[in-house]
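Visitor: I would like to learn how to read a structure like this one. Please take the features one at a time.

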Amino acid sequence: MTEKRHIDRFPIWGVALCLLLVQCQSNNGDLPTKSVFEQSIEPEKTAVLTENVKTTPWKPLNLDGVHDPANAVLSYLQEPDEALSLLSVAPEPGGNNVDWVEALESGLISPRSKIQPDWKVNNLDLDIIMPNTAGMPQVVFPHRQHTEWLDCSNCHDKIFKAKTGANQFGMLEILQGEYCGRCHGAVSFPLTQCLRCHSRDHDQATLAK
Ligand code: HEC
Ligand code: HEC
Ligand code: HEC
């Protein structure tokens with residue numbers, strides 16, 4: 001079950017920060033002539049990817065309801081569509097609409113797994129099934145996808161005791177930002193993407209993906 005390959009791990013905000021840093025560096029007073037993504041992704045790959053993305057869920061900055069459309073400096077910022085459409089689109093809309101799990105696994109992004117050379121990278125391939133989901137499909141918590149981004153200490157034992165069934169919580173606590181909700185809906189995919197967590201039928205047949 002455990003697969004051996006180069007695995008990178010970095011908190012999701014790290015990715016955003018890196019992008020920002022790369023962008024700032026390349027700015028150097030002048031405006032970049034090429035986007036960060038044009039520079040870092042090989043042309044063949046870009047062509048295939050843009051072809052796959054038929055519709056884009058990303059609003060332009062002047063219409064996103066966050067940025068001031070009257071601010072002239074807006075034109076200096078990279079449009080989300082330009083940057084994010086080169087990555088994998090999430091299975092359900094919401095958040096920044098990127099499937100970061102897929103982006104990592106397909107090698108589109110390759111964040112550093114550690115900063116300190118002597119840091120030990122811990123990965124674990126272990127699914128935990130959480131069956132108390134009433135009428136919804138059961139939840140499968142995958143350690144593999146999490147430990148590709150995070151360290152054990154990000155969750156154990158402050159958020160979760162490392163024992164199956166030892167943590168009693170439901171959707172209410174999650175929606176209030178506890179347990180899974182510490183990250184999901186904040187820095188990882190949003191809580192509206194129900195079926196990414198509720199992915200297992202009660203009769204044991206796993207749903208698509
Ligand atoms: C994103 C959060 C998260 C990360 C990161 C994480 N875990 Fe877990 N871990 C969980 C959850 C959730 C459970 C299930 C708890 C429950 O059932 O109440 C769990 C359960 C466990 C269990 C209990 C398994 C059993 O058979 O009872 C062990 C052992 C464990 N984790 C070890 C690790 C190790 C080692 C790492 C790092 C390589 C790690 N975990 C990383 C969230 C995490
Ligand atoms: C980040 C993962 C995640 C997402 C996203 C998610 N859930 Fe849950 N949900 C859980 C977990 C974990 C439980 C608790 C399972 C357990 O204790 O066995 C749960 C429990 C539930 C329950 C059982 C009753 C309760 O209150 O605990 C329902 C109903 C439910 N979720 C509905 C939804 C719906 C509807 C959505 C989308 C709007 C959703 N969930 C999104 C993880 C998630
Ligand atoms: C410490 C932060 C953190 C906590 C707590 C956390 N997650 Fe995650 N989760 C992530 C990150 C980061 C990813 C990978 C990037 C992304 O999809 O946003 C991820 C990915 C996942 C995936 C993989 C989806 C896929 O497409 O393969 C599932 C399923 C998931 N989380 C469910 C849960 C459930 C259920 C819980 C609570 C029991 C939970 N997570 C708690 C951070 C967290």
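Visitor: What share of the residues in the chain is buried?

Guide: A residue is buried if 20 or more other C-beta atoms lie within 10 Å of its own, exposed if 12 or fewer, and partly exposed in between, with C-beta atoms placed from the backbone. Here, buried residues make up 13% of the 209 residues in the chain. This is a predicted model, in which local features need pLDDT of at least 70, side-chain atom pairs count only at pLDDT 80 or more, and totals for chains, interfaces and linings use all residues. Residues are numbered from 1 along each chain as its sequence is written, while chains are lettered from A and ligands numbered from 1 in the order in which they are written.

Visitor: How many helices and strands does the chain have?

Guide: Both are DSSP runs numbered from the N terminus: helices are H or I with at least four residues, strands are E with at least two. The chain has 8 helices and 3 strands. Read from the N terminus, the order is α-α-α-α-α-β-β-α-α-α-β.

Visitor: What do contacts say about how far apart in sequence the joined residues are?

Guide: Two residues are in contact if their C-beta atoms, placed from the backbone, lie within 7 Å. Take the contacts between residues at least 6 apart in sequence: 53% of them join residues at least 24 apart.

Visitor: In what order do the strands lie in the sheet?

Guide: Two strands pair if DSSP finds at least two bridges between them. In this model, 3 strands form an open sheet in the order β1-β2-β3, and the pairing is antiparallel. The edge strands are β1 and β3 (198-200), each of which pairs on one side only. On average, neighbouring strands of the sheet are turned by 55 degrees against each other, direction ignored; the axes are lines fitted to C-alpha atoms, for helices over the stretch in contact, and angles run from 0 to 180 degrees between N-to-C directions.

Visitor: How many bridges join β1 to β2?

Guide: There are 4 bridges between these antiparallel strands. In one of them, M130 has V139 in β2 as its partner.

Visitor: Which residues are closest to ligand 1?

Guide: A residue is near a molecule if its C-beta atom, placed from the backbone, lies within 6 Å of it. Ligand 1 is surrounded by 20 residues, and the closest are N122, C152, C155, T164 and N167. With 3 residues, α6 gives the most to this shell. For classes, Ala, Val, Leu, Ile, Met, Phe, Trp, Tyr, Cys and Pro count as nonpolar, Asp, Glu, Lys and Arg as charged, and the others, Gly among them, as polar. The shell around ligand 1 has 9 nonpolar, 10 polar and 1 charged.

Visitor: Where is C152, and why does it count as partly exposed?

Guide: C152 sits in the loop between α6 (143-147) and α7 (171-175). C152 is partly exposed because 14 other C-beta atoms lie within 10 Å. Its C-alpha atom is 8.3 Å from that of N123, which is 29 residues apart from C152 along the chain.

Visitor: What surrounds ligand 2?

Guide: Its shell has 19 residues, with M130, N132, G170, C194 and C197 the closest.

Visitor: Which domains give residues to the shell around ligand 3?

Guide: Domain bounds come from an automatic or database domain assignment. The shell draws at least three residues from each of domain 1 (12-105) and domain 2 (127-200). Ligand 3 has 22 residues around it, the closest being W100, V101, C180, C183 and S188. The largest share, 3 residues, comes from β2. The classes are 15 nonpolar, 5 polar and 2 charged.

Visitor: Which peptide bond is cis?

Guide: The bond from H156 to D157 is cis, with omega near -5 degrees. D157 lies in the loop between α6 and α7.

Visitor: Where is A134, and is A134 buried or exposed?

Guide: A134 is in the loop between β1 (127-130) and β2 (138-142). A134 counts as exposed because it has 7 C-beta neighbours inside 10 Å. A134 has a positive phi of about 50 degrees although it is not a glycine.
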